[in-house]
Amino acid sequence: GDSVTFGYRVPLVFPQRPEEYEPLWRSYPVLLEQALQAANPGRSIEVIPLAVPGYSSYQGLAWLRRDIGWLQPDLVTACFGWNDICRRAVSDRDAMRTDRLSVLARDLTARSQALLRLRRRLDSLRARPAAGPPGQGVLRVSREEYVANLLALAGLAQSRGARVALLGPVYRDRVSYPPEGDDIGAHRAALKSAAHGAGIPYLEIPELTENHYPENDRLFGEHIHPNHLGHRLMAERLGAFLA
């Protein structure tokens with residue numbers, strides 16, 4: 001997943017008071033692990049949040065392809081959304097190619113400050129145009145590719161003997177940053193239809209979608225990320241869904 005699964009701002013901690021936070025406020029992967037361990041005494045259960053803020057389904061699929069072999073999961077869940085519908089000058093597919101040579105070049109660049117500076121200099125000389133105001137530019141991941149990425153992720157997990165559950169993306173409202181609410185709603189609807197058509201388990205939490213605004217405001221920190229209450233709801237619904 002992305003920053004939602006990562007647990008951005010859960011718990012909420014301020015730099016000026018790093019020791020002052022509510023220890024019971026946890027992200028849904030942590031809460032799910034605790035619930036599964038409590039329901040299965042004597043079993044070793046580990047929930048690994050393979051999640052990075054800013055990641056799209058395109059990046060998540062590439063990451064799982066690289067590491068599923070050593071992780072050997074029994075179950076894979078996936079929840080991507082806002083980063084996919086975020087608009088940029090170019091798509092993720094064009095900006096971050098996954099062929100062997102491109103991956104090697106990025107790996108080498110990441111290991112060298114000199115190469116990093118050179119890369120930034122070259123990027124600035126190319127002067128790619130910015131995406132512009134909301135609603136302009138291209139989606140980082142198109143609707144068709146978003147669905148294809150998550151179906152491929154599910155297929156990859158199943159090919160390794162793992163069960164799969166796809167989660168519909170969460171988002172608070174349609175009014176704060178249009179047209180994001182419409183874009184993410186359309187991505188969600190397309191994923192739901194495709195998952196049902198492919199027989200892949202799909203979970204949607206209505207309270208964490210834009211259709212339930214403004215009642216769902218108490219479940220979010222802002223328009224993108226659920227707060228501790230939203231994460232608790234995600235853990236409860238996902239646990240019941242898996243059961």
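What volume does the second largest cavity have? About 40 Å³.

1. Basis. This is a predicted model, in which local features need pLDDT of at least 70, side-chain atom pairs count only at pLDDT 80 or more, and totals for chains, interfaces and linings use all residues. Residues are numbered from 1 along each chain as its sequence is written, and side-chain values use heavy atoms, with hydrogens and water left out.

2. Second largest cavity. A cavity is a set of points, on a 1 Å grid over the protein atoms alone, where a 1.4 Å probe fits but cannot get out; lining residues have an atom within 4 Å of a point. The lining here is Leu167, Gly168, Pro169, Val170, Leu203, Glu204, Ile205, Thr209 and Met234. It divides into 6 nonpolar, 2 polar and 1 charged. Nonpolar covers Ala, Val, Leu, Ile, Met, Phe, Trp, Tyr, Cys and Pro; charged covers Asp, Glu, Lys and Arg; the others, Gly among them, are polar.

3. Largest cavity. The whole structure holds 2 cavities of 30 Å³ or more. The largest has about 50 Å³ of space, a volume being the space filled by probe spheres set on the points, which are joined across faces, edges and corners. Its lining includes Asp2, Val4, Trp82, Ile184 and Ile224. By class, the count is 8 nonpolar, 1 polar and 1 charged.

4. Largest pocket. Its volume is about 1100 Å³. A pocket is an open set with protein on both sides within 12 Å along at least five of seven lines. There are 37 lining residues, and Glu46, Pro73, Asp74, Leu75 and Val76 are the closest to the centre. Two or more residues each come from α2 (28–39), α3 (57–71), β1 (75–78), β4 (163–167) and α10 (228–242). Helices (H or I, at least four residues) and strands (E, at least two) are DSSP runs, numbered from the N terminus. The lining splits into 26 nonpolar, 7 polar and 4 charged.

5. Helix pair. Helix α8 (residues 143–159) packs on helix α9 (residues 180–198) at about 45°, with axes 9 Å apart. Axes are lines fitted to C-alpha atoms, for helices over the stretch in contact, and angles run from 0 to 180 degrees between N-to-C directions.

6. Helix contact. Contact means heavy atoms within 4.5 Å. From α8 come Arg143, Tyr146, Val147, Leu150 and Leu151; from α9, Asp183, Ala186, His187, Ala190, Leu191, Ala194 and Ala195. These contact residues divide into 9 nonpolar, 1 polar and 2 charged.
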